[in-house]
Structure formats: C-alpha cells, structure tokens
Amino acid sequence: MVEHHPKQHPIHPLSLQSIVKPPSIMSTGPSHKYDPNFTQHVIDTCGPNTSPRMKQIFSSAMRHLHDFAREVDLTPEEWLAGVKFFNETGKTWAESDGKRNEMHRLSDITGLESLVTEIANYVQSENSQYAPTSAAILGPFWSPNAPWRQLGDSVIQDKHDGIVTYMHGIIRDMQTQKPIPNVTFDFWQASSNGKYDFQDPGNQSDNNLRGKFKTDENGEYRLYCLRPTAYSLPQDGPSWQLLQAIDRHPMRPAHIHLMITHDEYKPVVTQIYPKDDPWLATDTVFAVKDDLVVDFVPLKDLPPTMSPHKGPGGEAVRELHLDVTLAPKGLAAHSKPNL
C-alpha cells in the first residue's frame, strides 16, 4: 500500500529534471583537456596524520568524483543544483528530529547499501554447495527495543487486514549442516497497511510485528506473523524527486526483515519475499536475492508444539518454512577497518 505524506517544497532554483542532459551532448573529448595534475594535488593535501584507510577511501573517492565531473562536463548550475539537493536531504533529517533519514534512503535507491551489504557479507567457501543465507539491507526500520518473546508466540499485537502465518524453520551451520541452538532470531515487518509501528502510532502499538526469539536445542524457531505486504517509499522529499527524475517507481516488494545472530557465527541481516510479488524484479532498493524468495503455502496442520493463534486476525491460514544457514566467524572475509 502506498504511504501518503504531505508534499514538501521542491528544490529550487533547478529541479533534478531540468539538469539532465541527453547523452548526445555530453563530452566525448580527450580526458586531458583539463589540468591532469589537479586531482592528485587535492589528494596530496592530506596531512601526515591521515590514517592509511582514510587516505585510501578519500583518494579513491576524489578520483571518481573528479572523473565524473570531467566525463559529463558538469556545469556550475548543475553543481549548484546538486549542492541544494544534498542540503535539502540534510534539512529533511533535521526537521524530522532524526526520524526521516533521507540520506539512508538515497543510499538505498541508488543501490549503494545493497552493494556495501554484499561486500561486507562475502564469505569464501571451498565447497560451492554450502553457502550462508544471503544478506540484504538493514533498512531504516530496525529497532533495538524489540521485545523478547517465547517460541510459538505471535508478534501480532494490533488489528490488521493481513493474513496470519505460521513461520518456522531451523538455523544450521554452513560447514556441518548441524542445527545451532541458542541463536537470536530478531524479526520485524510492516503491517497490512504498509507501515511500521513507529510510522503509524494511531493504529499500531509499540513493537507491533516485532520480536526476538531464541532457537531451541534443535536449532528451531517458530512464531506467528503476517504474510507481508508491498509498500511504497515516501512520495515526497529528495529521494522521491530523484526517482521521478530517472522515471522509476518507489515500490518495495512485500518482505519480512530478519537479523540472525550467534556469538560463534557471522550475523545474517536479511529480508525474505513472497515468490508471487509483482515488484521482485524491480525492487526500488535492489535488495532481492534468489534464495530469499519464498513460498507462503496454505497451512494444513500445526505441530503439537504450537497452540492455535488467538490474537488479532484469528487462526493462521498460511505457513512459511524457512531454514537459515550461518557461516562460522572464522570464514568471514572482511573485518571492520579503523578509519
């Protein structure tokens, strides 16, 4: 369902639409027509106390940024429009008291967060048959305050128009394929109106459709949730202006968020998607992976460990069986650098 937000003032004096040049008038001249030493001079101004990692990031960023400006023959008017665009992005954050993170959303719709997530979660394995469950972006709606719930509990606290689902599975070790007990299974999702709890205080209580669970001695988790609903990113603000300028839709496919952690394993932050969702191929934040597309099937029978769902929405009518694979920490390919 599309979220409705009050319209904000457009960015002036130049809109993103007005600054886009057709490819036919972009520069195709030699790259050396501008000062060939300028970029290196900017990089060389870094002081002696710059850390090696900071120097690497800054140097690469300046080379790419300067090459971009030269490649498109960026005009002063276009540069100023970009400055105003990013000013508006920060203004949105400030005026919302930090609740509306437009810079995060820009990272999403340009694919940057998905790319960084892929890099950070790469795990090298000698056996191609074994791989951890794919990671997907965290997104802006995770909360550290989700309540601990008992296995078999429901995360559904409030009224909704969704489909109650019995979700369960086993968390396994990538190398041994053995179940992992005592894994933290952190779950969150939007309600059937496409909004998360803190976006929708008039209809949802705190921590509606959120919960943290621990797997049992058999590595199993089980809970009641909703079959997820597709929704739109906000149709106002700088991110929406960019989507309009490049003729893209703002839709996210229906999804459930998961953060799965254990002290001895590399965490998996991911999302899962119904296989029949119409937005899978064009997810506006590029977070869909093949192994994250799942099937919500009609529920036939509940196991003896599950009592029937008695909360809002009545008994469950769908079932999702989702097993998750974690990689031991020793297989992690990247560590956090010191800037």
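**Starting at a threonine**

Me: Thr39: buried or exposed?
Reply: Thr39 counts as buried, because its relative accessibility is 9%. Buried means under 20% relative accessible area, exposed means over 50%, and partly exposed is in between (1.4 Å probe, protein chains only).

Me: What kind of model is this?
Reply: A predicted one: local features need pLDDT of at least 70 and side-chain atom pairs need 80 or more, while totals for chains, interfaces and linings use all residues. Residues are numbered from 1 along each chain as its sequence is written, and side-chain values use heavy atoms, with hydrogens and water left out.

Me: Back to Thr39. Where does Thr39 lie?
Reply: In helix α2, residues 38-44. Helices (H or I, at least four residues) and strands (E, at least two) are DSSP runs, numbered from the N terminus.

Me: What does Thr39 touch?
Reply: Met62, Arg63, His66 and Arg70, leaving aside residues up to four places away in sequence. Contact means heavy atoms within 4.5 Å.

Me: Which side chain makes a polar contact with the side chain of Thr39?
Reply: That of His66, at 2.8 Å. A polar contact is a pair of N or O atoms within 3.5 Å; within protein, one must be able to donate a hydrogen and the other to accept it, and residues adjacent in sequence count only if both atoms are side-chain atoms.

Me: New topic. Which residues make the nonpolar surface patch?
Reply: Leu65, Phe68, Leu74, Trp79, Leu80 and Val83, covering about 530 Å². Patch members have over 30% relative accessible area and no salt bridge; like charges are joined within 9 Å, nonpolar side chains (Val, Leu, Ile, Met, Phe, Trp, Tyr) within 5 Å. Areas come from the Shrake-Rupley method with a 1.4 Å probe, and for residues only the protein chains shown count as cover.

Me: Which helix gives the largest share of the patch?
Reply: α4, with 3 residues. Both α3 (52-71) and α4 (76-95) supply at least two. Trp79 is in α4, and Trp79 counts as exposed because its relative accessibility is 52%.

Me: What caps the N-terminal end of α5?
Reply: Asn101. One of its side-chain oxygens lies 3.4 Å from the backbone nitrogen of Met103.

Me: Which salt bridge does Glu102 form?
Reply: One with Arg105, where the closest N and O atoms are 3.2 Å apart. A salt bridge is a side-chain nitrogen of Lys or Arg within 4 Å of a carboxyl oxygen of Asp or Glu. Glu102 and Arg105 sit 3 residues apart in α5, about one turn of the helix.

Me: Which residues are linked with them in a network?
Reply: Arg100 and Asp236 join Glu102 and Arg105 in a network of salt bridges. The side chains of Arg100 and Asp236 meet at 2.6 Å, N to O. Arg100 is in the loop between α4 and α5, and Asp236 in the loop between β5 (231-232) and α7, so the pair ties together parts 136 residues apart in sequence. Both Arg100 and Asp236 are buried.

Me: How many salt bridges are there in the whole structure?
Reply: The search finds 12.

Me: Asn207: buried or exposed?
Reply: Asn207 counts as buried, because its relative accessibility is 18%. Asp97 counts as exposed, at 69%.

Me: Last one. How many helices and strands are in the chain?
Reply: There are 7 helices and 12 strands. Of the 339 residues, 42% count as buried.
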